[in-house]
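Here is a friendly walk through one protein model, with a look at its rings and strands. Have the 3D view open as you read.

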Amino acid sequence: MLPVQRFTHFIAQNRLFNAGSKILAAVSGGMDSVLMARLLAEAGYTFGIAHCNFQLRGAEADADQSFCRQLAQELNVEFHSINFDTANYAARHKISIQMAARQLRYQWFDQLSARHGYTTIALAHHQNDAIETILLNLTRGTGIAGLHGILPVNGKLVRPLLFLQRLEIADIISQNKIAYVEDSSNASAKYARNKIRLEVVPKLKELNPALEETFEHNLQHFRQLEQLLEAELDRQRLRFTGHDDELHLPIDAVKTMYPQQLLLYNLLKPYGFNREHADSIIASLDKHSGRLFESADYTLVLDRGTLILKKKSGAGLQGIGINEGCTEIIYGRFRLTLLHDDSPLVVRDNPMATSVDAALLVYPLIVRPWQPGDVFYPLGMTSKQKLSDFFVHQKTPLHQKNEVPVLVNGNGDIIWLGGYRLDNRYKVSDNTKKVTIFELYKTP
């Protein structure tokens with residue numbers, strides 16, 4: 001007799017799906033997935049069967065495919081099947097066969113769901129799979145998330161057999177004389193998961209015959225610890241200020257975090273930073289400002305008491321030419337306008353605008369990022385200064401100085417550090433006949 005009541009109770013208790021759900025059951029033909037399909041049918045759920053032939057085991061894989069088709073016919077449910085050239089896919093993407101098979105099947109499951117209206121994808125993992133996953137994660141290195149094992153629900157993916165152990169499944173299959181097919185690769189210790197199942201777990205069971213029950217209790221504890229961590233991370237996220245493209249976190253807040261490395265790493269992880277980044281940032285908290293850390297999409301700068309987390313704008317800013325008669329350009333997140341005036345108007349007390357003696361301009365002008373070695377003569381000074389030194393004196397954060405529009409004359413002179421300072425050589429004087437007014441606006 002099939003454990004239908006335990007099956008439906010587990011589904012209800014974990015809210016895997018309801019009576020109105022349309023379920024796509026991933027069935028390999030092995031005893032686990034065959035039992036799952038028969039339990040779904042016995043319990044009266046609406047479902048279809050999906051089978052992947054990865055073309056790795058020749059005639060044996062083809063026989064599994066035929067078996068699953070016959071099973072779908074017997075249960076009177078929809079059947080979906082596909083053949084993958086897994087080895088070629090793995091070679092082209094430079095990944096392992098196991099990873100290739102995983103990517104291929106989940107991509108296909110998503111396509112089937114969209115095409116046929118399946119709301120849920122059911123996978124036949126059981127308690128022993130959860131144990132093997134934890135042990136595998138531990139050997140590779142993991143955080144708390146890697147210790148909670150296989151979750152009953154993960155988005156559209158559900159695992160309705162997690163209430164059963166492998167031996168229980170084997171007993172049910174035997175007692176009910178249920179036909180299934182055996183994947184010969186399961187007996188090979190060539191794959192890491194198989195090695196753990198065939199060689200490691202038996203040794204652990206010699207130490208603790210009730211290994212499955214012990215791990216089930218451990219899984220509950222790990223999941224509760226993960227919930228505690230998430231609650232604390234939510235509290236810590238309240239200390240961020242700013243918006244999605246630029247967030248600020250006081251260094252004093254980081255110093256009071258405990259445990260510091262665990263919390264900072266998990267706060268920065270969604271932005272692509274790793275544990276090594278977290279360690280380096282912590283080691284730099286009491287050092288001088290300006291330390292820069294980068295992930296693929298974000299930069300993080302230590303700037304006088306604040307960690308500034310900023311989304312990269314994509315490719316580095318390139319120089320943009322300005323021809324005579326041009327009235328507006330877009331540079332990064334700025335809009336630069338040009339106004340030509342016959343009166344020697346001087347713009348005062350507005351760092352986002354400046355007046356320049358028009359007679360001194362050599363077109364085309366260029367707006368570009370600052371470069372190492374750049375020098376100019378800051379307004380009011382007769383000696384030149386490196387831009388790098390000027391930014392230091394202005395206490396300009398690194399992530400901001402890389403965005404400053406530098407207006408360069410056709411002769412190579414720097415005319416203006418947009419938003420900061422005009423070059424003294426280009427100021428309006430008593431001899432000025434015409435001016436050009438440059439004004440910056442931040443774009444949304």
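To follow the ring story, you need one rule: rings of Phe, Tyr and Trp (its six-membered ring) pair if their centres lie within 6.5 Å. Planes under 30 degrees apart count as stacked, and those over 60 as edge-to-face. Keep in mind that this is a predicted model.

**Aromatic pairs**

Searching the whole structure by that rule turns up 13 aromatic pairs. Take F54 and F84: their planes meet at 25° and their ring centres are 5.8 Å apart, so this pair is stacked. The two residues come from distant parts of the chain, 30 residues apart. F54 belongs to the loop between β2 and α3 (59–75), while F84 belongs to the loop between β3 (78–83) and α4 (86–93). F54 and F84 are both buried.

Now for F376 and F390, whose pair is edge-to-face, with 90° between the planes and 5.4 Å from centre to centre. F376 is part of strand β17 (residues 375–376) and F390 is part of helix α13 (residues 387–394), so their contact ties together parts that are 14 residues apart in sequence. Both F376 and F390 are buried.

**Charges over rings**

| Charged residue | Ring | Distance from charged end to ring centre |
|---|---|---|
| K22 | Y118 | 4.8 Å |
| R335 | Y441 | 4.5 Å |

K22 brings us to strand β1, which covers residues 22–26. Is this strand mostly covered or mostly open? Mostly covered: 4 of its 5 residues are buried.

β1 has strand partners to look at, too. One of them is strand β2 (residues 46–53), which pairs with β1 in the parallel sense over 5 bridges. Another is strand β4 (residues 120–122), which runs parallel to β1 and is joined to it by 3 bridges.

In β2, the residue opposite L24 is G48; in β4, the residue opposite L24 is I121.

Methods
Residues numbered from 1 in each chain as written. Predicted model: local features only at pLDDT ≥ 70, side-chain atom pairs only at ≥ 80, totals over all residues. Heavy atoms only, no water. Buried < 20%, exposed > 50% of the residue type's maximum accessible area, 1.4 Å probe, protein only. Pairing = 2+ DSSP bridges. Lys NZ or Arg CZ within 6 Å of the ring centre and 35° of its normal.
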